[in-house]
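Dear colleague,

I am handing over the structure below, and my notes on what was found in it follow directly after.

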Amino acid sequence: MQRLPEPLKALVEQLSRLPGLGPKSALRLAMTLLKWPASETRRLGRAVHDLRDNLHLCGRCGALTDVDPCGICTDPARSGETLCLVSEWDSMLTLEEGGFYKGHYLILGGLLAPLDNLHADSLDLDRLTRRMAEGTVREVVMALGTTVEAENTATYIRNMIARQYPQVRVTRLAQGIPLGSEVKFMDRETLRQSMQYRQDL
Ligand SMILES: [Zn+2]
């Protein structure tokens, strides 16, 4: 790698920092880029550059966006009365792909580890506190998952909201048997939750 011309060496060094890429595969990628027309490589370079310069966190929901506030927060067809909490941005993307949710989001940017329970400094809750203080949210939907950290975070936030805004409804995504599955193939915890959150028929 030492003998590579400086511009190539610099690119290989940067590429090999990407997950799954060692120096050899980084060099192979760099050689592919060299075969591209100059306009194409410039376009790629610009896209990487713009990623940092033109992408921000939405001040209201914390989503990655090129306009602040983001398109979801400013969409007049969506209701700000329902606020869906997700831990990371990609969970929001998955929910959005479904196209069935028409409320707002708030991205927590992480979850509370069990030992953080007493002091939630590891989680930035300022955005949530500010949003709740606006007084428009009537329901908070927890879409945080079912890990110990998710349960812990959901409980912490539910208590926080119940203390300050007892009139706000706090819900969570239903948990249970996935569509198309059979009871005999379910694990015990999924079945327990399905029984606990059973619905009227
Ligand atoms: Zn937003």
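Is Cys 70 buried or exposed? With a relative accessibility of 5%, Cys 70 counts as buried, where buried means under 20% relative accessible area, exposed over 50% and partly exposed in between (1.4 Å probe, protein chains only).

Please bear in mind that this is a predicted model, in which local features need pLDDT of at least 70 and side-chain atom pairs count only at pLDDT 80 or more, while totals for chains, interfaces and linings use all residues. Residues are numbered from 1 along each chain as its sequence is written, and side-chain values use heavy atoms, with hydrogens and water left out.

The zinc ion has as its protein donors (N, O and S atoms within 2.8 Å of the metal, or 3.2 Å for Na, K and Ca; water is not among the atoms, so sites may look incomplete) the SG atoms of Cys 58, Cys 61, Cys 70 and Cys 73, which lie 2.3 Å from the ion. Because the 4 donor atoms subtend angles of 105 to 115 degrees, the arrangement is tetrahedral, a term that requires all angles of four donors to lie between 85 and 135 degrees. Along the chain, the donors follow the spacing C-x2-C-x8-C-x2-C. Cys 58, at 0% relative accessibility, also counts as buried.

Searching the whole structure gives 1 aromatic pair, namely Tyr 101 and Tyr 105, which are edge-to-face with 5.1 Å centre to centre and 65 degrees between the planes; rings of Phe, Tyr and Trp (its six-membered ring) pair if their centres lie within 6.5 Å, and planes under 30 degrees apart count as stacked, over 60 as edge-to-face and the rest as tilted. Both Tyr 101 and Tyr 105 are buried.

Best regards

Terms used:
Tetrahedral: all angles 85-135°; square planar, octahedral: opposite > 155°, others 65-115°.
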